[in-house]
Amino acid sequence: MSEQDKAHFNMVHQQLRPNEVADARVLEVISTIPRDKFLPPSLRGLAYADVQLPIGCGQTMLPPMVEGRILQALALKGDESVLEVGTGSGYFTALLARLSGKVISVDYFEELSRQAHERLLDLDIHNVDFQVGDAAKSWPLAERVDVIVISAAVISIPDDYLNQLKVGGRLLAVVGKPPAMSVQLVQRINEREWQTRSLFETVIPAMLHAEPKAEFEF
């Protein structure tokens, strides 16, 4: 077993399992996708550490613990449609793709989207539609989806995304600003009603063009 393989194994069994990530399907998919392949060579030694890592264009890869807990909270059923807002490195996209039917993944940066697409093709993952543009407030979809994941922090969840959920669908986003951010899971109950649960607290970077406005002190 290589050093990277050992680090991968330890991430799953010493970081995720003891810390509330217990879903067997989630642990299996995290175990099978090599996280180091989604980072530049200079950072691959840190791929399995529980830290945020830079991926270019001023963006970061979330820590494995946050990714694992988010993926578990989504409880993907295998055949669902997913909109991911924020492709980033493509690692979380790959996890979503393995656990769902189809993923639409949007990123503001064409370079990141292209790199992610190439990485997923190398892993023989073909059920992702990569798109590029500013999705800070909305993103046009041909039809409603089962699941939406917003992978950067927002001050509030845009109404357009809530309305793009199918009835029974769910949206996960990190809401707030430092030092108080909450991972929220929203389920659409019917055409006019949504139910929100706060899952856990974390701090992650704000979505581009959805950053908190500066507060003036007098």
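Reader: Is Ala75 buried, partly exposed or exposed?
Author: Ala75 counts as partly exposed because its relative accessibility is 44%; buried means under 20% relative accessible area, exposed over 50%, and partly exposed in between, using a 1.4 Å probe and protein chains only. This is a predicted model, where local features need pLDDT of at least 70, side-chain atom pairs count only at pLDDT 80 or more, and totals for chains, interfaces and linings use all residues. Residues are numbered from 1 along each chain as its sequence is written, and side-chain values use heavy atoms, leaving out hydrogens and water.

Reader: Where is Ala75 found, then?
Author: In the loop between helix 3 (64-74) and strand 3 (81-85). Helices (H or I, at least four residues) and strands (E, at least two) are DSSP runs, numbered from the N terminus. Phi of Ala75 is positive, near 50°, though the residue is not a glycine.

Reader: And what about the phi of Cys57?
Author: Cys57 has a positive phi too, about 60°, and is not a glycine either. Cys57 sits in the loop between strand 1 (53-56) and strand 2 (59-61), and counts as partly exposed at 29% relative accessibility.

Reader: New topic: which peptide bond is cis?
Author: The one from Pro178 to Pro179, with omega near 5°. Pro179 lies in the loop between strand 7 (165-177) and strand 8.

Reader: How many bridges join strand 4 to strand 5?
Author: Five, and strand 4 (residues 102-107) runs parallel to strand 5. Val103 stands opposite Val128 in strand 5.

Reader: Last one: which residues of helix 1 meet helix 2?
Author: His8, Met11, Val12 and Leu16, and they meet Leu27, Ile30, Ser31 and Thr32 in helix 2.

Terms used. Contact means heavy atoms within 4.5 Å. Two strands pair if DSSP finds at least two bridges between them.
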